[in-house]
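The following explanation leads the reader through selected parts of one protein structure. Please keep the sequence and the coordinates at hand while reading.

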Amino acid sequence: MKVDVLLGLQWGDEGKGKVVDVLTPNYDVVARFQGGPNAGHTLEFEGQKYVLRSIPSGIFQGDKVNIIGNGVVIDPALFKAEAEALAASGHDLKKRLHISKKAHLILPTHRFLDAAYEAAKGDAKVGTTGKGIGPTYTDKISRNGVRVGDILHDFDIKYAKAKARHEQILKSLNFAYDLAVAEKEWLEGIEYLKQFELVDSEHEINRLLDDEKSILAEGAQGTMLDIDFGSYPFVTSSNTVCAGACTGLGVAPHRIGEVYGIFKAYCTRVGSGPFPTELENETGEKLCELGHEFGAVTGRKRRCGWVDLVALKYAIMINGVTQLIMMKSDVLDTFDTISACVAYEVNGEEVDYFPYDITEGVKPIYTELPGWKCDMTKMTSEDEFPEEFNNYLAFLEEVTGVPIKIVSVGPDREQTIIRYME
C-alpha cells in the first residue's frame, strides 16, 4: 500500500476540506502532515457547515482513523475549542483522532511574537494570520521547540524555559501584551490534549501501510505558499508540497502513490504578496462575491483573479501531480468570457515558466475562452456539461498535461462530479 496525497496547487483556500471529505470513503486513514490552525478547511453537507483548523477532514467519516502528524503545529487552546465544537455537533473525536508526540506546540507567547514581528516589519509585513505559526516553526528549526510528547516528560520545566526566552525577546521589541488569559486557556488545552491518544505517528503510519490500510495525506495552505518553492517571503512556514508528506508523517518517498492536486477554476490569494493575475476591478469583485471569498478562519477578504497556468504547471511539476481536481467551477457560470494566464511578460520578455521572483515587472499574458453561461450547480454528471465548459476543461488538460479527474460545481459534497469513470 502507498500513501495518496491531496494538496493545494495555488495560494491556499482551494477547497481541500470538501475534497478530502468526498474521497475519505475510499480510505481507512486520513492524516494531516503540516501547517497549523491558520489553515481552515470548510465542509458543507446535510445543511450544516463545519470549519476545521487542525483536525483532519476525515473526522466526519465515523470509521476512519485520523492522525495529526509530526509536521503539524498545534495550539492546545484552539484545538480544544475546535474539538469541543465538533463533539457538540455529535462527532466525538477521542477514539478516532491520534496526535503525533513529535508535533510542536504553539505557545501563547508565540502568538505575541507573531504580532510583534509583523508590527516591526511595517509596510513589509507578510500578512500572517497572527496564530503564532511562524515563530513556532522558527523554534522548531532552531531546536528550541516544545513538542506534544513533552506534555508527558518534565513539561513544566520545558514550558517555563521557552516562555522565559520568548518574554525576553518581546521585551527587546518593546511589545506590550497580557499573558494571563491566553495562558490560562492554553494550559486548559494542554490538559484536554492528554485525553487523546498521543502516538509515535511515523510508526503508526508505516504499520498501517504494512497492514494493507489505505491512507490519504491531507495538506494545508497551497504550493505557492511553500517555504522553499512559494512566492517567498510571502509564504507560510512549512513545506506545503508533496515532499512535506514524507517529512510530516515519516513516510519514505517510494511509499507515495497518487498525488491529487486541487485548484480553483480561477485564482485567489489572502494576505500580502505578489499575485500576477489579480483583478483589482469589477471582475475581481464579482469573483469575490460569487465565490464567497472570505477566509474560513480569519474572515479576511481574498484577492481574486483569473487562473494562472504558469504557476499551476510549476506546482504540478514540484508535486508530481497525477490527477487534478477543479473547484468552484460554478463561480464562472455567468461570465461571457473566461481568461487564463498562459505566460508572463517579465521585463519585456515572454516566459512560460515560473521565475525566481514575481514581485515586480511580471505581466500576465492571457488566452480568452468563451463562457458557458448556464447554471452548473444542479448538474450531476459530466454528460450535462455544456460544450464551452468541456472546451475549458480540455484546454486546461492540454496546457497542464494532467487529467482533471474531479470537478466541483458547488459547496456541498453532493455537488462533486467524478470524470473518467471506469
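The paragraphs below treat helix packing and then individual residues.

The model is a predicted one, and what is said here rests on its atoms. The axes of α3 and α5 come within 10 Å and cross at roughly 20°. Because angles under 35 degrees count as roughly parallel, α3 is roughly parallel to α5. The crossing of these two helices, α3 and α5, is left-handed. On the side of α3, the contact is made by Pro-108, Thr-109, His-110, Phe-112, Leu-113, Ala-116 and Tyr-117. On the side of α5, Tyr-159, Lys-163, His-166, Glu-167, Ile-169 and Leu-170 take part. By class, the residues of this contact between α3 and α5 comprise 8 nonpolar, 3 polar and 2 charged.

Helix α5 also meets helix α6, which spans residues 179–193. Here the axes come within 14 Å and cross at roughly 150°. Since angles over 145 degrees count as roughly antiparallel, α5 and α6 are roughly antiparallel to each other. The crossing in which α5 passes α6 is right-handed. Phe-155, Tyr-159, Lys-163 and Glu-167 of α5 make the contact with Leu-179, Glu-183, Trp-186, Leu-187 and Ile-190 of α6. The residues of the contact of α5 with α6 divide into 6 nonpolar, no polar and 3 charged. Tyr-159, Lys-163 and Glu-167 of α5 are named both in the contact with α3 and in the contact with α6.

Gln-10 is found in the loop between β1 (3–8) and α1. Is Gln-10 buried or exposed? With a relative accessible area of 5%, Gln-10 is buried, because buried means under 20%. Leaving out residues up to four places away in sequence, Gln-10 touches Gly-222, Thr-223, Met-224 and Leu-225, together with Ile-262, Phe-263, Lys-264, Tyr-266, Cys-267 and Val-307.

Helix α1, residues 16–23, contains Asp-21. Asp-21 is buried as well, with a relative accessible area of 3%. Asp-21 and Val-270 are 249 residues apart in sequence, and their C-alpha atoms are 24 Å apart in space.

Arg-302 counts as buried because its relative accessibility is 9%. Which partners does the side chain of Arg-302 reach? The side chain of Arg-302 makes a polar contact with the side chain of Glu-293 at 2.7 Å. The side chain of Arg-302 also reaches the backbone oxygen of Phe-294, at 3.3 Å.

Gly-361 is partly exposed, its relative accessible area being 45%. Apart from its neighbours within four places in sequence, Gly-361 is in contact with Glu-345, Val-346 and Asn-347. Gly-361 and Glu-191 are 170 residues apart along the chain, and a separation of 52 Å lies between their C-alpha atoms.

Technical notes. Residues are numbered from 1 along each chain as its sequence is written. This is a predicted model: local features need pLDDT of at least 70, side-chain atom pairs count only at pLDDT 80 or more; totals for chains, interfaces and linings use all residues. Side-chain values use heavy atoms; hydrogens and water are left out. Buried means under 20% relative accessible area, exposed over 50%, partly exposed in between (1.4 Å probe, protein chains only). A polar contact is a pair of N or O atoms within 3.5 Å; within protein, one must be able to donate a hydrogen and the other to accept it, and residues adjacent in sequence count only if both atoms are side-chain atoms. Helices (H or I, at least four residues) and strands (E, at least two) are DSSP runs, numbered from the N terminus. Axes are lines fitted to C-alpha atoms, for helices over the stretch in contact, and angles run from 0 to 180 degrees between N-to-C directions. Angles under 35 degrees count as roughly parallel, over 145 as roughly antiparallel, 65 to 115 as roughly perpendicular and the rest as oblique. A crossing is left-handed if the near helix is turned anticlockwise from the far one by less than a right angle, and right-handed if clockwise. Contact means heavy atoms within 4.5 Å. Ala, Val, Leu, Ile, Met, Phe, Trp, Tyr, Cys and Pro count as nonpolar, Asp, Glu, Lys and Arg as charged, and the others, Gly among them, as polar.
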